[in-house]
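Trainee: I am new to this structure and would like to know what stands behind the terms used for it. Could we go through them one by one?

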Amino acid sequence: MKHIKVFGPGCKRCETVMQMVRDTAAELGISVEVEKVDDPRSIAMAGVMSTPGISVDGMMVHAGGLPEPEKLEGWLRQ
């Protein structure tokens with residue numbers, strides 16, 4: 001199971017990214033646990049300067065805006 005964290009204040013883009021992760025994982029048949037991190041201090045400590053940020057199994061892979069679907073697939077397949 002992959003552990004995904006989505007860092008952001010709860011904006012529409014953050015919610016969209018969470019749904020993108022869930023939908024992509026389902027399409028690929030990959031089991032994921034998606035955690036929303038909205039605490040400003042935790043976001044800053046993770047090094048996210050622009051939200052939404054995404055980490056996969058503890059590794060930060062994206063920050064700022066919506067990720068490209070192909071990149072998201074690649075992160076989930078690793």
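Predicted model: local features only at pLDDT ≥ 70, side-chain atom pairs only at ≥ 80, totals over all residues.

Mentor: Start with pairing: two strands pair if DSSP finds at least two bridges between them.

Trainee: What makes E1 and E2 a pair, and in which sense do they run?

Mentor: The cut-off is at least two bridges, and E1 and E2 have six. They therefore count as paired, and the sense is parallel.

Trainee: How do you know that E3 and E4 pair?

Mentor: By the rule of at least two bridges: four bridges join E3 to E4. These strands run antiparallel. Ser55 stands opposite Met60 in E4. The hairpin of E3 and E4 has two residues between the strands, and Asp57 takes a positive phi near 50 degrees there.

Trainee: Why are E2 and E4 called edge strands?

Mentor: The open sheet has four strands in the order E2-E1-E3-E4, and its pairing is mixed. E2 and E4 each pair on one side only, which makes them the edges. From one strand to the next, the twist averages 20 degrees.

Trainee: Why is Lys2 called buried?

Mentor: Buried means under 20% relative accessible area. Lys2 has 12%, so it counts as buried. Lys2 lies in strand E1. Leaving out residues up to four places away in sequence, Lys2 touches Ile30, Ser31, Val32, Glu33, Val56, Asp57, Trp75, Leu76 and Gln78.

Trainee: What makes Glu33 partly exposed?

Mentor: The relative accessible area of Glu33 is 41%. Buried is under 20% and exposed is over 50%, so Glu33 falls in between and is partly exposed. Glu33 sits in strand E2. With residues up to four places away in sequence not counted, Glu33 touches Met1, Lys2, His3 and Ile4. Val48 is 15 residues from Glu33 along the chain, and their C-alpha atoms are separated by 20 Å.

Trainee: Which residues of H3 are buried, and how do you know that they are on the same side?

Mentor: In H3, residues 69-77, the buried ones include Leu72, Trp75 and Leu76. They cover an arc of only 95 degrees around the axis, and therefore lie on the same side of H3. Glu70 and Arg77, on the other side of H3, are exposed.

Trainee: What covers the buried residues of H3?

Mentor: The cover includes helix H1 (12-28) and the strands E1 (2-7), E2 (32-37), E3 (53-56) and E4 (59-63). H3 lies across E1, E2, E3 and E4, and runs at about 140 degrees to E1. H1 lies across E1, E2 and E3, and runs at about 175 degrees to E2.

Trainee: How is the packing of two helices described?

Mentor: Two values are used, the angle between the axes and the distance between them. For H1 and H3, the axes come within 10 Å and cross at roughly 65 degrees. The crossing of H1 and H3 is right-handed.

Trainee: Which residues meet where H1 and H3 are in contact?

Mentor: From H1 there are Met20, Val21, Thr24, Ala25 and Leu28, and from H3 there are Leu72, Glu73, Leu76 and Arg77. By class, the contact of H1 with H3 has six nonpolar, one polar and two charged residues.

Note on methods
Residues numbered from 1 in each chain as written. Heavy atoms only, no water. Buried < 20%, exposed > 50% of the residue type's maximum accessible area, 1.4 Å probe, protein only. Arc of directions from axis to C-beta. Contact = heavy atoms within 4.5 Å. Axes fitted to C-alpha atoms, helices over the stretch in contact; angles between N-to-C directions. Left-handed = near helix turned anticlockwise from the far one by under 90°. Nonpolar A, V, L, I, M, F, W, Y, C, P; charged D, E, K, R; others polar.
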